[in-house]
Amino acid sequence: MDEHSKSAGPAPRLEKGHFLLIAGLGGHFTPETTQGISELWERFIPHLGKVPDQVGEVTYGVCCNPDGQGGFDYIAGVEISRLDDLPELYRWIELPAQPYVVLEHQGPLSSVPQTFGYLLKTWLPQSGREAAEAPAFERYSADFNPCTGQGVLEVWLPLKEQ
């Protein structure tokens with residue numbers, strides 16, 4: 001197998017992320033319980049289009065608040081324009097405007113952790129950049145179909161300013 005067949009598909013790109021306010025359903029997960037994230041999405045899908053002040057139809061899976069032992073909070077959500085009318089049922093998080101490395105995920109949803117792993121373990125050390133202590137997230141296109149995997153899924157990893 002030659003070197004190029006492993007990296008077939010889009011290359012990572014650098015983006016300047018803009019401020020986003022994300023609201024949705026959340027939970028705490030560990031490496032052993034990440035299969036529960038798909039159940040969280042199943043619970044959230046009926047809320048799409050009904051979250052107060054929702055902006056657009058793009059959905060986000062935000063990984064935040066790492067506990068230092070491999071656990072983290074995850075929010076399945078959408079962008080909102082303001083918090084004023086947000087019911088307590090929803091968790092929300094601010095994504096700061098900062099640089100990110102972005103990689104389009106190829107393959108099944110179950111392999112999203114490998115895409116994050118590639119950015120953290122391979123791309124970052126080779127790039128000379130450092131990960132920022134900020135939420136990382138998945139960005140699903142408005143036409144993304146979780147059943148078929150059709151549509152665009154990108155992984156956004158925050159970087160420290162240079």
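I take two strands as paired if DSSP finds at least two bridges between them. Helices (H or I, at least four residues) and strands (E, at least two) are DSSP runs, numbered from the N terminus.

The model is predicted: local features need pLDDT of at least 70, side-chain atom pairs count only at pLDDT 80 or more, and totals for chains, interfaces and linings use all residues. Residues are numbered from 1 along each chain as its sequence is written, and side-chain values use heavy atoms, with hydrogens and water left out.

**Confidence.** I looked up pLDDT, the predictor's confidence in each residue, from 0 to 100. The protein chain has a mean of 91, and 94% of its residues reach 70 or more. Over residues 1-7 pLDDT stays under 50, and the model has one contact (heavy atoms within 4.5 Å) for them beyond four places in sequence. Where pLDDT is low, predicted coordinates should not be read in detail.

**Strand β3.** I followed β3 (residues 54-64) and found eight bridges to the antiparallel strand β4 (residues 72-80). In this pairing T59 stands opposite V78 of β4. Five bridges join β3 to β7 (residues 136-140), also antiparallel, and there V62 stands opposite F137.

**Cores.** I took a nonpolar core as a set of buried Ala, Val, Leu, Ile, Met, Phe, Trp, Tyr and Cys residues joined through side-chain atoms within 4.5 Å. Buried means under 20% relative accessible area, exposed over 50%, partly exposed in between (1.4 Å probe, protein chains only). The largest core has 31 residues, and W41, F44, V51, Y74, I80 and L119 have the most contacts inside it. Among the elements that each supply at least two residues of this core are α2 (36-44), β4 and β7. A second, separate core of 13 residues includes Y60, L95, F137 and W156. Beyond four places in sequence, the contacts of F44 include L25, V51, V78 and Y90.

**Rings.** I paired rings of Phe, Tyr and Trp (its six-membered ring) with centres within 6.5 Å; planes under 30 degrees apart count as stacked, over 60 as edge-to-face, the rest as tilted. That rule gives nine aromatic pairs. W41 and Y140 are edge-to-face, at 5.3 Å centre to centre and 70 degrees between the planes. W41 lies in α2 and Y140 in β7, so this pair ties together parts 99 residues apart in sequence. Both W41 and Y140 are buried. Ring pairs link W41, F44, Y140 and F144 into a cluster.

**S111.** S111 counts as buried because its relative accessibility is 17%. Leaving aside neighbours within four places in sequence, S111 is in contact with H105 and Q106.
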